[in-house]
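Please keep the sequence and the three-dimensional view at hand while reading.

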Amino acid sequence: MKKKLFVLLFAFLIPFAMMGQKVGVKTNLLHWATVTPNLSLEVALGKNVTMDLYGAYNNFQIMKDNVKWKHWLVQPEVRIWTCESFNGFFFGIHGMTGQFNMGKLKLPPLAYTFQNNILENLPTRRYEGWYAGAGISVGYQWVLGNHWNIELSLGAGYNHIWYREFEGQRCGPKLSEGESNYIGPTKATLSFVYFFK
């Protein structure tokens, strides 16, 4: 089901790609650093507007301590460029949705959740569920040549989270279920971009 959704979303952008002057395919090195395969397709919709569709999937688990970092993510974004598409500064508005199964992780305190702070309990518990939200971003692309760019971007925003909470050990009992809200970083990229012209 997840793979079909991923393929369907990328297929959605093909008509836009036919209208655009440029199509870029990229991968985020920062997400690879967390052992998360990822791919992004960005198409020019005009001189100063692009549409980016980012997807990532991770099935990482350490059996010894039941540490989990399983998740998938889809993040579409519309970008407005200050000069021209794929060159210089851009500002973006992105949406996001995904599913997670995470446990026994110590994450840096870069974000805030309220109505049940699940990030605070993550080092000793396991959480699984869904999230959906939106955010804003700013970034820059450096032109390296006719077919290559490097991109750096940061984004922050809001997510609503639906979750189930479990004890941290393997097959631990369910403790609760609920909803929470998250405000904080929603994206960070350092990407290599390849262009089809």
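Within strand β7, Gln141 is the bridge partner of Gly88. This pair belongs to a set of 16 bridges that join β5 (residues 88–103) to β7 (residues 125–143), two strands that run antiparallel. Strands count as paired if DSSP finds at least two bridges between them. Helices (H or I, at least four residues) and strands (E, at least two) are DSSP runs, numbered from the N terminus. The model is a predicted one, in which local features need pLDDT of at least 70 and side-chain atom pairs count only at pLDDT 80 or more, whereas totals for chains, interfaces and linings use all residues. Residues are numbered from 1 along each chain as its sequence is written, and side-chain values use heavy atoms, with hydrogens and water left out.

Strand β7 also pairs with β8 (residues 148–167): 19 bridges join the two, again in an antiparallel arrangement. Trp130 has Trp162 in β8 as its bridge partner. The two strands form a hairpin, with four residues between them.

The wider architecture can now be described. The protein has four helices and nine strands, which follow the order α-α-β-α-β-β-β-β-β-α-β-β-β along the sequence. Of its 197 residues, 43% are buried; buried means under 20% relative accessible area, exposed means over 50%, and partly exposed lies in between (1.4 Å probe, protein chains only). Among contacts (heavy atoms within 4.5 Å) with a separation of 6 or more, 64% are between residues 24 or more positions apart.

Which strand is largely enclosed by the rest of the structure? It is β2, because six of its seven residues are buried. Four bridges join β1 (residues 23–28) to β2, and these strands run antiparallel; Val25 stands opposite Leu41 in β2. Asn38 is located in β2, which spans residues 38–44, and is buried at a relative accessible area of 7%. A polar atom of the Asn38 side chain lies 3.1 Å from the backbone oxygen of Thr36. Beyond its neighbours within four places in sequence, Asn38 is in contact with residues including Trp32, Tyr54 and Gly55. Ala44 also lies in β2 and is buried, with a relative accessible area of 5%. The C-alpha atoms of Ala44 and Glu84 are 9.9 Å apart in space, while the two residues are 40 apart in sequence.

A salt bridge is a side-chain nitrogen of Lys or Arg within 4 Å of a carboxyl oxygen of Asp or Glu, and the structure holds eleven of them. In one, the closest N and O atoms of Glu42 and Arg79 are 3.1 Å apart. Glu42 counts as buried at 0% relative accessibility, and Arg79 is buried with a relative accessible area of 0%. Arg79 also forms a salt bridge with Glu77, where the closest N and O atoms are 2.7 Å apart; Glu77 is buried as well. A further salt bridge joins Lys174 and Glu177, with 2.4 Å between the closest N and O atoms. Here Lys174 is partly exposed at 45%, and Glu177 is exposed at 55%. Salt bridges that share partners join Lys26, Glu42, Asp52, Glu77, Arg79, Glu151 and Lys187 into one network.

Most residues other than glycine have a negative phi. Val35, in the loop between α3 and β2, has a positive phi of about 60°. Phe86, in the loop between β4 and β5, has a positive phi near 65° and is buried at 1% relative accessibility.

The protein exposes about 10,900 Å², of which carbon and sulfur atoms supply 67%; accessible areas come from the Shrake-Rupley method with a 1.4 Å probe, and for residues only the protein chains shown count as cover. A nonpolar patch of about 1,100 Å² includes Leu29, Trp142, Trp148 and Phe196. Patches are made of residues with over 30% relative accessible area and no salt bridge, with like charges joined within 9 Å and nonpolar side chains (Val, Leu, Ile, Met, Phe, Trp, Tyr) within 5 Å. The helix α3 and the strands β8 and β9 each supply at least two residues, and β9 gives the most, with four. Trp148 lies in β8 and is partly exposed, at 44% relative accessible area.

Methods
Polar contact = N/O pair within 3.5 Å; in protein donor to acceptor, adjacent residues only side chain to side chain.
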